[in-house]
Amino acid sequence: QRMLSVTAIGSLGPLRLLRSAARPGDQIVVSGCHGLSRLGLGLLQNDPALSSLNLSHDLCEKAIHRHRRPTPRLDALQALIRCKPDGLPWRAGGTDSSDGLLRAVELLSATSRCGIRLTRDRLPQASSWPRTPLFDDWCLNGGEDFELVLSLPKAWAESWLASVPGSCWIGDVVADPPGVRWADSHVPVTAGHGFNHFQP
């Protein structure tokens with residue numbers, strides 16, 4: 001039996017990225033598409049749900065690579081520091097999407113005590129991603145994508161989006177009770193569920 005223990009030591013830079021820092025008026029932005037890792041897992045396990053789909057070779061290759069070689073978005077964090085407009089405070093809400101995109105947004109909403117509205121047609125999906133309920137669920141809840149999910153003042157969000165290829169705006173923070181809803185219908189976003197570390 002082998003046991004491995006890892007200790008990471010570093011210094012705290014100027015950016016304080018907190019789940020509790022989202023504020024009404026912020027934009028919700030992500031560093032890249034979601035669901036690829038979950039699709040990669042399905043492909044590697046020969047998921048029968050995929051047997052009738054004519055998925056592009058490029059999409060399948062990207063999905064398997066994403067699942068086998070996850071990459072933390074340190075580049076997008078560095079861009080976040082570089083592109084902050086002058087005059088704005090160091091206030092950035094955020095987390096990563098290792099437990100699923102929807103789970104990350106729910107945590108931002110609950111911890112910051114405000115509502116979040118997601119725009120349905122702006123879900124961060126890869127090129128040639130199928131438009132089906134299953135693939136919408138994998139985008140929202142697949143997990144293991146390790147992209148950044150951020151809540152930023154509009155000027156900072158726009159600057160960051162221009163600096164990070166593949167990033168996109170997906171919604172807004174609003175002065176509502178905590179919860180995640182669709183912007184077009186105000187219906188709660190409840191598709192599936194992400195991973196919960198504290199679930200009994």
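Two residues are in contact, or touch, when they have heavy atoms within 4.5 Å of each other. With that in hand, take Leu39: leaving out residues up to four places away in sequence, Leu39 touches Leu50, Leu55, Leu59, Ala63, Trp129, Phe135 and Trp138. You're looking at a predicted model, where local features need pLDDT of at least 70 and side-chain atom pairs count only at pLDDT 80 or more, while totals for chains, interfaces and linings use all residues. Residues are numbered from 1 along each chain as its sequence is written, and side-chain values use heavy atoms, with hydrogens and water left out.

**The sheet**

- Helices (H or I, at least four residues) and strands (E, at least two) are DSSP runs, numbered from the N terminus.
- Seven strands make an open sheet in the order E1-E3-E5-E2-E6-E4-E7, and the pairing is mixed. Two strands count as paired if DSSP finds at least two bridges between them.
- At the edges sit strand E1 (17-18) and strand E7 (179-182), each pairing on one side only.
- Strands of a sheet pair through backbone hydrogen bonds, either parallel or antiparallel.
- Strand E4 (residues 115-118) and strand E6 (residues 168-174) run antiparallel and are joined by four bridges. In one of these strands, E6, you'll find Val174, the bridge partner of Gly115.

**Helices around it**

- Helix H3 (residues 74-82) lies across E1 and strand E5 (148-152), at about 15 degrees to E5. For such angles, axes are lines fitted to C-alpha atoms (for helices, over the stretch in contact), and the angles run from 0 to 180 degrees between N-to-C directions.
- Helix H5 (residues 133-141) has these buried residues: Phe135, Trp138, Cys139, Leu140 and Asn141. Buried means under 20% relative accessible area, exposed means over 50%, and partly exposed is in between (1.4 Å probe, protein chains only).
- Helix H1 (36-44), helix H4 (101-112) and E7 are among the elements covering the buried residues of H5.
- After H5 comes Gly143, with a positive phi near 75 degrees.

**Nonpolar cores**

- A nonpolar core is a set of buried Ala, Val, Leu, Ile, Met, Phe, Trp, Tyr and Cys residues joined through side-chain atoms within 4.5 Å.
- The largest one has 33 residues, and Leu39, Leu118, Trp129 and Val149 have the most contacts inside it.
- Two or more residues of this core come from each of strand E2 (27-30), H1, helix H2 (57-68), H4, E4, H5, E6 and E7. H4 gives the most, with five residues.
- Another core lies apart from this one; its 14 residues include Cys83, Leu148, Trp156 and Trp160.

**Aromatic rings**

- The structure holds three aromatic pairs. Rings of Phe, Tyr and Trp (its six-membered ring) pair if their centres lie within 6.5 Å; planes under 30 degrees apart count as stacked, over 60 as edge-to-face and the rest as tilted.
- Trp90 and Trp156 make an edge-to-face pair, 5.9 Å centre to centre with 80 degrees between the planes.
- That pair links distant parts of the chain: Trp90 is in the loop between H3 and strand E3 (92-96), while Trp156 is in helix H6 (residues 154-163), 66 residues apart.
- Trp156 is buried at 0% relative accessible area, but Trp90 counts as partly exposed because its relative accessibility is 36%.
- Trp129 and Phe135 have ring centres 5.0 Å apart and planes at 75 degrees, so this pair is edge-to-face too.

- His34 lies in the loop between E2 and H1, and Ser97 in the loop between E3 and H4.
- His34 is buried, with a relative accessible area of 0%, and Ser97 is buried, also with 0%.
- A polar contact of 2.9 Å joins the side chains of His34 and Ser97. Such a contact is a pair of N or O atoms within 3.5 Å; within protein, one must be able to donate a hydrogen and the other to accept it, and residues adjacent in sequence count only if both atoms are side-chain atoms.
- Ser51 is in the loop between H1 and H2 and is exposed, with a relative accessible area of 64%. Its side chain reaches the backbone oxygen of Pro48 at 2.8 Å.
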